[in-house]
Amino acid sequence: MAGPLSAWPWENLGIYKYLLYGPLLGKVLYTRTQEGSFKDDWCLHILIICIARALLHQLWNSFVNMLFLTRTRRINRLGYDFKQIDKEWDWDNFILLQALIASISCYIYPPFIDNVPLWNTKGFVAILTLHVGISEPLYYWVHRYFHKGYLFTQYHSTHHSSPVLHPYTGADATFLEHLALSTVIGIPIIGSHMMGYGSRSMIYGYPLVFDFLRCLGHSNVEVVPHQLFETLPFLRYLLYTPTYHSLHHTDMGTNFCLFMPFFDTIWKTINNKSWELHKKLSSDAGKDRRTIPDFVFLAHVVDLTSAMHAPFVIRSFASLPYQTRLFLLVCWPSVLIVMLMMWVWSKTFLVSFYNLRGRLHETWSVPRFGFQYFLPFAKEGINKHIEQAILRADRLGVKIISLAALNKNEALNGGGTLFVNKHPNLRVRVVHGNTLTAAVILNEIPEDVKEVFLTGATSKLGRAIALYLSQRRVRVLMLTSSTERFEKIQKEAPLEYQSYFVQVTKYQAARSCKTWIVGKWITPREQSWAPTGTHFHQFVVPPIFSFRRDCTYGDLAAMRLPDDVQGLGNCEYTMDRGVVHACHAGGVVHLLEGWTHHEVGALDVARIDVVWNAALKHGLKPVSNSSEQKSSRMPCYEETKDSERNT
């Protein structure tokens, strides 16, 4: 059983816990309407401090997850996985707790914040003295006791269960621990006020400095230069570092202090590696000492709102499949400014990473938004970014670089052919991943389907899907106005299968077909021609609107990564947790199989089943139920041809 006071009182309220701030907000609004002023309203001060503290933690989260800035400074090289993110989801409970404690204090003793000056030098000295003389040693001994027996197993072990430190880890603890921490924070503030030296600067400043230093210690990013301690050696006893506190989480019998290693020194619990390791990590900061990735997925930003679906914006939001939220629309103007800045100055940057079977997989992003790929004057610049990313991967020793979505657009670079032809001596293999995308779509189509309607039929994927389905004797209605392109694809099929190709030029021709494969974006009006009960398979980005309630819509082609993936903590666009786009998965399969050929340009239809079976062999799983059911029984392309030869 959990120990007493280990659970938070509002644990089951979910997002409704924020209603507990309601009385404070109500008091502020009441004061404003009745007195026409916010002057000396302690409720307002408490709310402002709470917002400032939450913003401080958010800024630290953004900094820590900006891997393009912090990659070479990370102490623990592992990533934050979904389990840790969920465990630390309610990291802000302590802010609510201390807001309630402050509210009770101000209600009992109203003059607490009234008639105090903005600044008081004696107050600064008093609060510093109380912190060093009482809060630091008190925290040290309470912390040590929480590492013993019952207190550790029932309480403090929760905090130490996070495998990789993060600013939110410092706030992730039980209710009892935060009651003790609230006492540690409260003593200097209340004490200086009772001494007659209180000031608003200290009421605001002390909690924010306290939180800043807590976030610093749990940041997993070494930002304190070792030269500071070499110039002023005594400072190493007055200020801890991220490295110092990370040693406490790896060697839990050492480094118990709050912020000042002086107390570990006098009570002989300092880790002997503290200064040496800090100097090593600080010296290496800025150097390219990272582990070279084996695989890179080269993505791009989809649109202005989904740009905020990144770990360095809001970690919890990025750990869930992307959905348009109201707060995203509020942030739209600031994202627009960032987009314009990226257009002018930015270059391809690291977004996220995970590990799979001892190999590092990274996601890089081209600093361009989806709509920019359709601007004629932007084509050359985008290709330059992609080319530079490929050459950079080649220099680093990356084995596979997989192109996402519009980065492999046929009109842009021929599905990656442009780069392979321009640089024939590339060691990195360039992969568009469309072979597995085609396999996923084809394995979603029920075996008893005899007719499909295909849009985007002349694209790489559309062509491969049409050719494959014709081998299964499925009639393919290809929507295209170009008879020349239609006949070109038709003639690629063996003569006995060419009759299964039918050219159509209008959506009306498909009004009796219940299987639509959408490779080109279609409007709700065009969807209206589909009969009731139609299922829309799709490989178009962004996905089409789910307009018809009497029809069903498939997701974008995707696969679930193997169960042994490590450090994966963000969702890929609208994909579920652990699920990636099929083109991403195609690059992963290319790496796991050790294939040494480029996969660019037109799809090799004969390899669709080869890639599909390889994906299943390595533990990648289809997402749709139909694919899961068919993965073990669907006849492959070669089996169909052999069977018909025998006949």
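Modeller: Start with the polar side of the boundary between domain 2 and domain 3. Five residue pairs are in polar contact between these two domains, with both residues of each pair at pLDDT 80 or more. That score belongs to a predicted model, and this is one.

Now look at the side of domain 2 that touches domain 3. Helix 24 (582-593) and helix 25 (608-617) each give at least two residues to that side. Helix 24 gives the most, with five residues. By type, the residues of this side of domain 2 are eight nonpolar, three polar and two charged.

Charge also crosses the boundary. The rule finds one salt bridge across the interface of domain 2 and domain 3. As for salt bridges elsewhere, a search of the whole structure finds 17.

Next, the extent of the interface. On the domain 2 side, 13 residues are in contact with 10 residues of domain 3. Interface size is often given as the accessible area lost when the parts come together. Here the area buried between domain 2 and domain 3 is about 1,000 Å². Carbon and sulfur atoms give 73% of that area. Three residues stand out on the domain 2 side: Ala 582, Leu 603 and Trp 612. Together they supply 57% of the area that domain 2 buries against domain 3, more than any other three residues.

The domain assignment gives domain 3 as residues 436-554. Domain 2 is assigned in pieces: 295-431, 582-604 and 612-618. The centres of domain 2 and domain 3, taken over C-alpha atoms, are separated by 27 Å.

The assignment also gives domain 1, residues 11-227. A salt bridge to find in the model joins Lys 87 and Asp 172, with the closest N and O atoms 2.2 Å apart. This pair links distant parts of the chain, 85 residues apart. Lys 87 sits in helix 4 (residues 82-87). Asp 172 sits in the loop between helix 7 (149-160) and helix 8 (175-194).

One record can be set beside this. An unreviewed UniProt entry lists residues 130-269 as "domain: Fatty acid hydroxylase". In the model, that span is 61% helix and 0% strand. The C-alpha atoms at the ends of residues 130-269 lie 23 Å apart.

Notes: Residues are numbered from 1 along each chain as its sequence is written. This is a predicted model: local features need pLDDT of at least 70, side-chain atom pairs count only at pLDDT 80 or more; totals for chains, interfaces and linings use all residues. Side-chain values use heavy atoms; hydrogens and water are left out. UniProt positions are given in the numbering used here, feature names are shortened, and annotations may be inferred rather than shown by experiment. Helices (H or I, at least four residues) and strands (E, at least two) are DSSP runs, numbered from the N terminus. Domain bounds come from an automatic or database domain assignment. Contact means heavy atoms within 4.5 Å. Buried area is the accessible area (1.4 Å probe) that two parts lose on being put together, summed over both. A salt bridge is a side-chain nitrogen of Lys or Arg within 4 Å of a carboxyl oxygen of Asp or Glu. A polar contact is a pair of N or O atoms within 3.5 Å; within protein, one must be able to donate a hydrogen and the other to accept it, and residues adjacent in sequence count only if both atoms are side-chain atoms. Ala, Val, Leu, Ile, Met, Phe, Trp, Tyr, Cys and Pro count as nonpolar, Asp, Glu, Lys and Arg as charged, and the others, Gly among them, as polar.
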